[in-house]
Amino acid sequence: MKTACFVSAALLLAASATAVAQSTAQCPSLPSDSGLHWEQQAQTDFIVCKATTEDGRPVLNMMLTPRDPDMLLNRSLRAEKGSFAGESLHWYKLDMGGRDLPGLESRRITVVKLDKNRYAQIWIDAADTGELGNLQALTQTLNLNPSTLAGGDH
């Protein structure tokens with residue numbers, strides 16, 4: 001009888017853990033052929049998603065938050081146009097205080113207002129401009145479901 005109670009309790013605990021995991025916010029799904037996988041860090045009011053290559057190199061980062069990141073993105077640093085989760089955006093070159101550091105040509109950042117009190121801050125750290133273009137195209141294909149933003153209405 002003790003074994004049956006223990007097994008029942010274990011099954012209930014496993015079921016509740018699965019329900020909690022399914023109700024927590026998640027990073028958007030990456031295409032299976034992208035060669036990338038997310039490392040996710042969820043806090044009470046934001047989620048950080050870091051897409052890494054098979055060799056562990058971080059290339060695409062995203063912070064999903066209900067608060068405006070309030071970043072000043074200088075219009076003179078605008079680069080390519082794009083979209084994310086159905087919203088138009090501009091990618092920006094990084095401002096390193098006027099310094100021209102190696103690799104800056106393949107790095108971009110943007111902030112997207114998705115909804116009232118829903119924002120995505122996205123930055124790309126590509127190895128070269130070809131990979132940058134591929135990651136920007138990939139970003140346009142990512143979808144968010146309503147539960148993807150921490151603190152958002154579900």
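Is Thr110 buried or exposed? In this predicted model, Thr110 counts as buried, because its relative accessibility is 1%, and buried means under 20%. The close-ups below start with this residue and then move to a pair of cysteines.

**View 1. Thr110 sits in strand E6.** Look for the strand that covers residues 107-115, and you will find Thr110 within it. With a relative accessibility of 1%, Thr110 is a buried residue.

**View 2. Thr110 and its contacts.** Here we set aside the neighbours within four places in sequence and ask which residues Thr110 is in contact with. They are Leu73, Leu89, His90, Trp91, Ala120, Gln121 and Ile122. Take a second look at His90: its backbone oxygen lies 2.7 Å from a polar atom of the Thr110 side chain.

**View 3. A disulfide joins Cys27 to Cys49.** A disulfide is a covalent bond between the sulfur atoms of two cysteines. The model has one disulfide by the distance rule, and in it the sulfurs of Cys27 and Cys49 are 2.1 Å apart. The torsion about this S-S bond is about -100°, so the disulfide is left-handed.

**View 4. Where the two cysteines come from.** Cys27 belongs to the loop between helix H1 (2-23) and strand E1 (37-42), while Cys49 belongs to strand E2 (residues 47-52), so the pair ties together parts that are 22 residues apart in sequence. How accessible are these two cysteines? Cys27 counts as buried because its relative accessibility is 12%, and Cys49 is buried too, with a relative accessible area of 0%.

Note on methods:
Residues are numbered from 1 along each chain as its sequence is written. This is a predicted model: local features need pLDDT of at least 70, side-chain atom pairs count only at pLDDT 80 or more; totals for chains, interfaces and linings use all residues. Side-chain values use heavy atoms; hydrogens and water are left out. Helices (H or I, at least four residues) and strands (E, at least two) are DSSP runs, numbered from the N terminus. Buried means under 20% relative accessible area, exposed over 50%, partly exposed in between (1.4 Å probe, protein chains only). A polar contact is a pair of N or O atoms within 3.5 Å; within protein, one must be able to donate a hydrogen and the other to accept it, and residues adjacent in sequence count only if both atoms are side-chain atoms. Contact means heavy atoms within 4.5 Å. A disulfide is a pair of cysteine sulfur atoms within 2.5 Å.
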